[in-house]
Amino acid sequence: MNTEAQPTTTAKPPAVATDVVKTFRTGDMEVNALAGLTLEVRRGDFLALVGPSGSGKTTLLNLFGALDRPTKGKVEVLGNDLGAMSKSERARLRLTSLGFVFQAYNLVPVLTAAENVELILELQGMGAAERRKRALDVLGDLGLGELAARRPMELSGGQQQRVAVARAVASRPALVLADEPTANLDGKNAEQLMALMRRLSSDHGTTFVFSTHDPRVIAHASRVVTLEDGKIASDETH
Amino acid sequence: MISTLRIAWRNLGRNTRRTLLALSAIAVAQLAVLAVEGLMNGMTVSIMSSLTGPMVGHAQIHAPLWREEQSPDLAIDRLEERLAAVRATEGVAAALPRIYAPALVAREVDGRAALVVGLDVLRESEAGGMLEGLPAEGRPHDRTALVGAELARAAGIHVGDELAVVGQGADGSMANDLLVVGGILSTPVEMVNRMGVVVSLETAQEIFVMEDMATEITLFGTGSIEDAGSLASRVAHVPEVEELETLPWSELNPELAGIRDITGLYGIVVMFVVFIAAAAGVANTMLMATYERRRELGMMLSVGVGPGRLVTLIVLEALMLGILGVIIGSALGLLLVTYQGHVGIQLADMGSAGNESISFYGLTFMGALHPFLEPADVVPGFVGVIVVSVLAALGPAIGTSRLEPMEAMRS
């Protein structure tokens, strides 16, 4: 019997950071990646984190993704206080409630596109037939139906990122986090990917938080939060 | 679990050269283990068949103290009565009376130390006897003797020669007689080859004044050599031989009994050494594989693959590598040992040059060894590889699973 506390995914805000400080130590130097940041991600947000390199975008995404813990302050993800969660509880939260799209190394290279999407569903305990149907539905929805049996190395960079999005949304998570998802894509593919993510957000009410430098990507956001030196410089809703 | 199995299996194909190298290390290890096992099995059978063959039998009956002093006056008397009782005992396949009497033999003037061996010619000519395979006309009879091949060569004895035999009779008198050499004898028994002058039991009884006597009764049981202990203890309780000493082969020749243990130990040592090599192969492969795939493993941790699942994935990959290697090694080993068993390994190749036999503890092994495998022989390899693979993969697996996902992805 699993006695671990199951993460809650109640009607609380998808992610809340309160006076968060995150310090990294490099040799004798300490760098504050986040310096007392407070931000609430609201349900249904299609939120772009923007700002120069080193402003704390990725650090904040990692905290919202339960991939890290704050040095000071409090981060709550779907009502769960990360500071009070064990490593395996955070892994469980990521599996059941969060979706991820990274810049690169998104997919398991020895699995096909469909198998990559199925992986998370299988880990969540979904039956074989149901998860296969779900994976093919999601891939079809993203225009990847014919590529379901291909492995990542047989797909273009844009196609790989779309498969990563498919994997991220297939389990219908409450919050999808994407760290510069278009960084390795050309303009056309970047545009397509953002349009796709936006559609998924509006169709399913999924909350997206993504970091970007690309003005064309920012244009898709419903809310743009600009970070500077680990703090919020501006928070605009479009 | 299906995905984990699928990933582990397909990961083996990602670096074919490295996988093939690791597979080769494991396969060669298992091949070496099976080759040694096969050889040991062949040797054990050869040793055991020599042990239970003509000379030693499964057990022996002597008069008390005869083994220490080997004096003719310490012979077994009332031989026929005792033989009849022993032969009627359950589990006794054969009871062969023998006389071993030290003597001097001389062809002309110079005498040589020899051992006159008196045998029940008819019974000893049957399967398993000391004269097995000899044609009827070549067997000893009356005053015609067979002389051990080495003794004949050393003393220049030829068929047809007359030999004078001088020894001590059971009654203390001087025993002497003239024998005619009827043949030169090569047997698996080194002592007979080197010193033996083989005559019929009756002739030996006459020469050494041992009417209705013998120095030894060699026993063969209906069961295997492993049952020799119970055979000896059953016979020891037969009233007619209760006052005599009945011992199984393992107590008569404790050194030979130890051979089986030594061969088993040797197999374990070989297995230990070769599996260290296999472990190094698996450990190296898994270390390299996990190091190269850190970002990918970090990504998997990030999306919710638990640390335990990651450990399972890496260990499964090592296990598949190991089991595949041991299957290949087993197949090659079976082929090799089957081939060796078919053609045989000439003992001359293992012993000193020019000899067609090797001698060990008084027994001569001739001809060829025939290695063979039993189904159970492949089991230690499988178990060893499973243990080695799991142990070799656990280090890198646990190390990777303990990483913070982002730490792994950044590396």
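Author: Quick definition to start: two strands pair if DSSP finds at least two bridges between them, where strands are DSSP runs of E of at least two residues and helices are runs of H or I of at least four, numbered from the N terminus. This is a predicted model, so local features need pLDDT of at least 70 and side-chain atom pairs count only at pLDDT 80 or more, while totals for chains, interfaces and linings use all residues. Residues are numbered from 1 along each chain as its sequence is written, with chains lettered from A and ligands numbered from 1 in the order written.

Reader: What strand order does the open sheet of six strands in chain A have?

Author: Strands of a sheet pair through backbone hydrogen bonds, either parallel or antiparallel. Here the order is S6-S7-S8-S3-S9-S10 in chain A, with mixed pairing. S6 (98-101) and S10 are the edge strands, each pairing on one side only.

Reader: In which sense do S9(A) and S10(A) pair?

Author: Antiparallel, over six bridges. One bridge partner to look up: Thr226(A) goes with Ser234(A) in S10(A).

Reader: Where does Asp229(A) lie, and why does it count as buried, exposed or partly exposed?

Author: Burial goes by other C-beta atoms within 10 Å of a residue's own, placed from the backbone: 20 or more is buried, 12 or fewer exposed, in between partly exposed. Asp229(A) sits in the loop between S9 (223-228) and S10 (231-237), and counts as partly exposed because it has 14 such neighbours. Its phi is near 50°, positive in a residue other than glycine.

Reader: And what about phi of Arg78(B)?

Author: Arg78(B) has a positive phi of about 45°, though not a glycine. Its loop runs between H3 (66-69) and H4 (79-87) of chain B, and with 12 C-beta neighbours Arg78(B) counts as exposed.
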